[in-house]
Amino acid sequence: MMNLSRSVALISLFLLPLLSFSFSVDNPTDRRVLVLLDDLSLKSSHSIFFSTLKSRGFDLDFKLADDSKLALQRYGQYLYDGLIIFAPSTERFGGSLDSKSIADFVDSGRDLILSADTSASDLIRGIALECGVDFDEDSSAMVIDHSSFSLSDGDHTLIAADDLVKSDVILGKTKIEAPVLFRGVAHSLNPTNNLVLKVLSASPSAYSANPSSKLSSPPQLTGSAISLVSVMQARNNARVVISGSLQLFSDRLFRSGVQKAGSPNKYEKSGNEQFATELSKWVFHERGHLKAGSLVHHRVGETDEPSIYRIKDDLEFSVETLEWSGRSWEPYVADDLQVQFYMMSPYVLKTLSTDKKGMFHTSFKVPDVYGVFQFKVEYEKLGYTTLSLSKQIPVRPYRHNEYERFIPTAYPYYGACFTTMAGFFVFSFVYLYHK
Amino acid sequence: MAALERIPPLVVASFLPHSLCALVIKYESVIHEFDPYFNYRVTQFLSKNGIYEFWNWFDDRTWYPLGRVIGGTVYPGLTLTAGTIWWVLNSLNIPLSVETVCVFTAPVFSAFASWATYLLTKGSGAGLTAAALLAMVPSYISRSVAGSYDNEAVAIFALIFTFYLYIKTLNTGSLFYATLNAIAYFYMVCSWGGYTFIINLIPMHVLLCIVTGRYSPRLYIAYAPLVVLGTLLAALVPVVGFNAVLTSEHFASFLVFIIIHVVALVYYIKGILSPKMFKVAVTLVVSIGLVVCLIVVAVLVALVASSPTGGWSGRSLSLLDPTYASKYIQIIASVSEHQPPTWPSYFMDINACFSPLSDASSFVVLYIVMSVYFSGVMVRLMLVLAPAACIMSGIALSQAFDVFTASIKYQLGEMSNSKDDVKEKISTNNETKDDASSAKGEKVAKERPSKKGKKKEREPADKPSVKSKIAKKKALVLPLEASIVALLLLIMLGAFYVIHCVWAAAEAYSVPSIVLTSQSHDGLHVFDDFRESYAWLSHNTDVDDKLASWWDYGYQTTAMANRTVIVDNNTWNNTHIATVGTAMSSPEKAAWEIFNSLDVKYVLVVFGGIDLNINKFLWMVRIGGGVFPHIKEADYLRDGQYRIDSEATPTILNCLCTGTNLSCKFVETDGKGYDWVRRTEIVKKNFKLTHFEEVFTSHHWMVRIYKLKPQKNRIRGKGKKLKLKTSTGFSKTAKKNPWM
């Protein structure tokens with residue numbers, strides 16, 4: 001009996017770190033990933049991509065998209081932290097999954113890689129649309145580019161794209177030299193939507209049409225309006241990658257050499273592997289995930305946070321900001337983090353200086369305006385999670401006894417007052433008793 | 001003896017308001033309406049934190065995000081009074097809650113007010129009648145019922161008492177009373193913005209006395225210390241501060257202050273110079289004085305003209321020009337208390353004006369003339385008129401009784417002219433009353449002129465007039481039957497007055513307006529929806545959540561729900577109110593953005609089907625439009641009216657306030673979407689909100705609380721409407737499958 005309980009304790013002791021190593025605020029990297037395939041052969045044809053994920057410690061769960069036992073959550077708990085949908089032709093998911101539950105999955109802060117392909121189903125398009133991505137409505141259309149295709153097999157639908165977004169956070173610090181091979185369907189983004197972002201754009205000469213039929217009318221999507229791969233970061237920092245090509249992730253294109261038409265540079269290996277790997281690092285929060293501690297403020301020379309400031313107080317403000325490295329929280333270093341002292345509009349806007357250990361601080365004088373202010377840190381930087389913190393603090397006017405009692409410039413008036421009083425006193429004394 | 005006899009009626013008169021006001025505790029001892037809740041909250045703060053904290057109180061829970069410096073913007077008289085009462089009672093080990101003290105402050109002070117009226121009216125009969133009338137007059141009852149914890153509750157007492165002390169000083173010429181007068185004036189300034197009435201009325205009376213040649217040192221003593229001390233003391237009240245010398249409302253008193261000194265100087269010089277020299281001096285001084293006056297007036301005019309409102313505050317301007325408010329400041333016009341009263345409300349509220357102007361003092365005449373004018377302009381000032389009317393009718397009534405009882409006595413006396421002693425035994429009652437009242441009649445007749453500060457040479461002229469008056473009374477003997485009938489009629493009239501007052505106190509003015517009742521065929525319904533909603537807010541929302549509502553409900557929300565509000569009944573910032581008005585009258589999305597920018601989490605609306613939020617809506621549009629020109633009233637009007645039936649304009653149907661109201665499922669309440677107030681059917685019944693969600697509806701659907709939905713987590717693409725694939729959507733795609 002004793003033994004049993006001890007072993008249970010022992011087991012739970014072993015399990016504890018495992019359990020706690022799952023997706024959470026403190027540990028944003030996804031661990032359990034569901035991969036939905038419309039054909040299990042994809043598992044081997046895209047094995048390099050999957051194996052890099054596994055080697056980074058992800059626990060992949062491969063399922064057929066029409067598996068009748070599919071479920072994202074059980075008893076209200078999500079079973080997975082991430083979702084990869086490599087099932088472009090699936091018209092209907094099995095089990096309890098549908099586009100609504102996938103949208104809910106994203107809204108719960110979890111991540112998604114969605115890949116469409118030519119002849120993508122309405123279901124996949126619907127999910128993409130929920131994320132702000134409009135695939136070309138013509139289901140047989142592909143991206144065609146007569147000037148920047150890959151010379152390797154001479155097909156103008158195999159695009160050698162090198163118009164990548166310039167962001168170290170999304171695509172890693174090492175530059176992707178080789179063009180990324182892409183064969184698939186075009187999509188466009190709503191320019192007013194500030195949550196989505198083109199990661200891989202088509203060249204200005206690209207257009208979207210059915211390659212096997214003659215063009216009867218001008219194509220709807222042309223040039224660099226076409227996005228090949230886009231990312232979306234939702235307001236709750238859930239990240240989504242939407243690719244128009246499933247082949248982009250395939251072993252064949254990972255391995256294939258590439259020479260862009262009209263370019264003398266020939267690369268042994270396409271940029272696909274690096275692109276896909278780096279992108280997956282971003283989407284699963286191994287990079288660019290920021291965390292801020294609470295906003296700390298106090299008067300200069302004090303350490304406790306006051307419940308109210310007075311106008312013209314000098315205060316010090318600091319906030320700790322950390323970045324998730326994939327394994328641990330590292331200090332975030334930047335020179336563009338700002339704090340606002342805000343009441344309907346920012347009265348003070350200060351750039352915070354960092355001590356390179358994650359602490360950002362500044363000091364300023366409370367403006368000569370009373371009211372209910374907020375310390376606000378609004379940090380929206382390309383590729384990074386959004387920091388939006390605010391803390392309310394009232395600012396009061398002077399108390400009745402905090403004003404200066406005697407103002408130096410008014411001494412003539414005080415003098416006048418007191419001499420008049422004295423004069424009146426003397427006068428009444430003289431008038432009354434001097435007879 | 002007579003003095004002793006006067007005491008019981010006076011006690012009765014003092015307790016009358018108390019008992020009347022206790023009628024009001026209909027449901028429980030609650031504080032009424034809107035402003036009293038604020039005063040209650042302030043009093044709580046005072047009793048908890050002490051006077052210095054109160055003085056420096058910066059309240060961050062109202063007018064978010066501007067906040068309000070309460071200590072510097074309230075008239076502290078009422079709060080300090082109640083706070084002191086509470087403190088005294090507690091230190092005497094009488095543990096009353098702050099709320100109880102607040103609820104009963106008004107009745108206590110109405111008793112004081114009747115006592116002050118008795119003192120002011122002079123003469124036992126008239127004074128007692130006036131005190132009794134004031135104790136019951138509905139317009140005063142409306143402010144003195146238990147729970148009506150508002151500034152006016154103590155201010156009316158302060159007003160009457162200040163007038164009494166002024167008259168007293170005028171009669172006695174004592175500096176002691178003059179100082180007391182200044183202190184009473186200080187209490188009035190502490191209590192109510194209506195103190196400007198005093199500081200204008202008294203100078204007018206002084207001017208009247210000077211013009212009619214009744215200047216005397218007593219007048220000087222009554223007036224000069226009041227101006228000097230009163231102004232100094234008034235400047236001590238934070239909310240008044242330098243206004244006491246800077247705004248035009250106070251200029252009249254300073255002008256008269258100068259005039260009275262000039263007059264005093266003239267009298268002094270006249271006393272020490274020979275008549276001939278005096279004439280020379282007069283011409284000299286008058287010519288120089290005129291020049292100086294012209295210069296001063298020119299400077300004043302230039303000063304006043306250089307300030308945008310001409311140096312007058314908006315509310316005061318609307319007193320001088322009744323159309324000012326509706327022309328320029330919508331917010332002032334929107335407060336119903338600031339609107340001209342309707343004639344029925346005169347009847348309803350005064351009802352005591354059944355007297356001809358009697359031979360009253362010029363002060364009382366001036367008082368009533370001015371208060372009639374002011375109350376004609378602003379219904380709230382009806383309150384100022386009430387004591388004046390009571391004094392007038394008190395005098396008139398008691399004189400009427402005098403005349404009738406005197407003639408009855410005379411007739412009886414003639415019938416039994418030989419048996420004087422018997423008559424005296426029979427009508428002891430009658431006679432003492434008669435004696436008292438005729439003595440009073442003489443006293444009135446004698447004292448009025450004397451208090452005017454008549455000069456010595458006028459005295460002989462006065463005495464004959466008194467004598468002739470008595471003679472006239474003798475001549476004014478009415479037939480016995482006529483006097484008895486008239487007496488009965490008067491008593492009946494008085495009885496009707498009492499009945500009317502009691503009814504008004506019990507029905508019209510004792511409704512706390514926070515708890516409503518409605519009488520329907522199946523019995524009495526009590527609508528306690530407001531308190532229900534505030535309780536919901538305090539239990540279900542976060543302490544720092546901000547609530548937006550129209551400003552009427554601001555005070556109640558902060559006091560009862562303890563949640564931060566955007567605007568409240570202290571309508572000091574027109575722009576802020578206009579922002580809320582704009583939000584309320586904007587389409588849903590725009591409204592969401594405005595509210596979000598103000599960090600609002602919840603929106604409280606009063607359901608248009610039963611109460612009046614749609615009536616208030618026109619003010620939201622007007623006030624909003626006054627500051628933000630894109631809100632145009634014309635967009636909301638159809639045929640010059642606000643309509644929400646089939647002819648409503650699209651703008652009004654799309655805006656938030658009506659939107660939320662209409663969405664409120666009129667349909668659910670009665671199945672038809674029928675607006676009970678306007679008796680029309682509403683067109684847009686099934687209104688779906690996208691940026692707000694309903695979180696609370698009170699029991700009788702009077703109050704609804706909406707929550708701002710957070711921004712969507714994702715932004716949808718704008719592609720063709722691929723419907724979010726719920727199970728129904730799938731069946732559609734599944735149907736397409738077979739071809740694949």
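Mentor: Contact here means heavy atoms within 4.5 Å. By that definition, 42 residues of chain A and 34 residues of chain B take part. This is a predicted model, in which local features need pLDDT of at least 70, side-chain atom pairs count only at pLDDT 80 or more, and totals for chains, interfaces and linings use all residues. Residues are numbered from 1 along each chain as its sequence is written, and side-chain values use heavy atoms, with hydrogens and water left out.

Trainee: Why is the pair Arg714(B) and Asp107(A) called a salt bridge?

Mentor: A salt bridge is a side-chain nitrogen of Lys or Arg within 4 Å of a carboxyl oxygen of Asp or Glu. The closest N and O atoms of Arg714(B) and Asp107(A) are 2.7 Å apart, so the pair meets the definition. The count between chain A and chain B is 4 salt bridges.

Trainee: Which elements of chain A each supply at least two residues of the side that touches chain B?

Mentor: They are α4 (99–107), α5 (122–130), β7 (133–135), β27 (371–379) and β28 (387–396); helices (H or I, at least four residues) and strands (E, at least two) are DSSP runs, numbered from the N terminus. The largest share, 6 residues, comes from α5(A).

Trainee: How much area do chain A and chain B bury between them?

Mentor: About 3,600 Å², 56% of it on carbon and sulfur atoms. Buried area is the accessible area (1.4 Å probe) that two parts lose on being put together, summed over both.

Trainee: What is the secondary structure of residues 411–433 of chain A?

Mentor: The chain is 100% helix and 0% strand there, with the end C-alpha atoms 33 Å apart. An unreviewed UniProt entry places the feature "transmembrane region" at these residues; such annotations may be inferred rather than shown by experiment.

Technical notes. Chains are lettered from A and ligands numbered from 1 in the order in which they are written.
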